[in-house]
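Colleague: Hi! I'm new to this one. Could you walk me through it?

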Amino acid sequence: MSTAPEGSVSTDTKKIASALLRYRVLAYATGIWLLVLVGDMIAKYIFDVQNIPGWIPAVHGWVYFIYLILTIDLAVKVRWPVKRTIGTLLAGTVPFLSFFVEHWRTTQVKRDFGV
């Protein structure tokens, strides 16, 4: 991290705070769209509902793709180990897990970097 005069916020800290905010928004969006996708699949394959919009899987896929990019951006900025990064990336594939992992990672980043 760069050294900043007392009382000011370093550029690195601002970049980390921005990356963290983007990650948090996409973690929630990914979690919500994953739940919508699971509901879509349950309705379609278990209850045989036929008139479900076909764009739900595509939206989830694009939201998850953006989540991957923004998570990697945050991981690089805060120098997460590979295992933590991969675990965080995979959190968007398990219903409800992205909400918990987002909370854990946010707490850790705020504690470590004071953002």
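Modeller: Happy to! Let's start with a pair of helices: H1 and H4 are roughly antiparallel to each other. Keep in mind that this is a predicted model.

Colleague: Thanks! At what angle do the axes of H1 and H4 cross, and within what distance do they come?

Modeller: They cross at roughly 170 degrees and come within 9 Å. An angle over 145 degrees counts as roughly antiparallel, so that is why H1 and H4 get that description.

Colleague: Which residues meet there?

Modeller: From H1, the residues include Ile16, Leu20, Tyr23, Ala27 and Leu35. On the H4 side you'll find Phe99, Val101, Val109 and Phe113, among others.

Colleague: And how do the residues of that contact divide into nonpolar, polar and charged?

Modeller: The contact of H1 with H4 has eleven nonpolar, four polar and four charged residues.

Colleague: Now the inside. Which residues of the largest nonpolar core touch the most other members?

Modeller: That core has 18 residues, and the ones touching the most other members are Tyr23, Tyr67, Leu74, Val78, Trp80 and Val109. Helices H1 (11-45), H2 (56-78) and H4 (97-113) are the elements that each give two or more residues to this core.

Colleague: Which of them gives the most?

Modeller: H2 does, with seven residues.

Colleague: You mentioned Val109. What does Val109 touch, leaving out residues up to four places away in sequence?

Modeller: On that count, Val109 touches Ile16, Leu20, Val78, Trp80, Gly114 and Val115. There's also a second, separate core of five residues, with Leu34, Leu37, Ala43 and Ile56 among them.

Colleague: One last thing, Asp40. Is Asp40 buried or exposed?

Modeller: Asp40 sits in helix H1. Its relative accessibility is 5%, and buried means under 20%, so Asp40 counts as buried.

Colleague: What does Asp40 touch, again leaving out residues up to four places away in sequence?

Modeller: Asp40 touches Ile52, Pro53, Ile56 and Pro57.

Colleague: Great, thanks for the tour!

Conventions: Residues are numbered from 1 along each chain as its sequence is written. This is a predicted model: local features need pLDDT of at least 70, side-chain atom pairs count only at pLDDT 80 or more; totals for chains, interfaces and linings use all residues. Side-chain values use heavy atoms; hydrogens and water are left out. A nonpolar core is a set of buried Ala, Val, Leu, Ile, Met, Phe, Trp, Tyr and Cys residues joined through side-chain atoms within 4.5 Å. Buried means under 20% relative accessible area, exposed over 50%, partly exposed in between (1.4 Å probe, protein chains only). Helices (H or I, at least four residues) and strands (E, at least two) are DSSP runs, numbered from the N terminus. Contact means heavy atoms within 4.5 Å. Axes are lines fitted to C-alpha atoms, for helices over the stretch in contact, and angles run from 0 to 180 degrees between N-to-C directions. Angles under 35 degrees count as roughly parallel, over 145 as roughly antiparallel, 65 to 115 as roughly perpendicular and the rest as oblique. Ala, Val, Leu, Ile, Met, Phe, Trp, Tyr, Cys and Pro count as nonpolar, Asp, Glu, Lys and Arg as charged, and the others, Gly among them, as polar.
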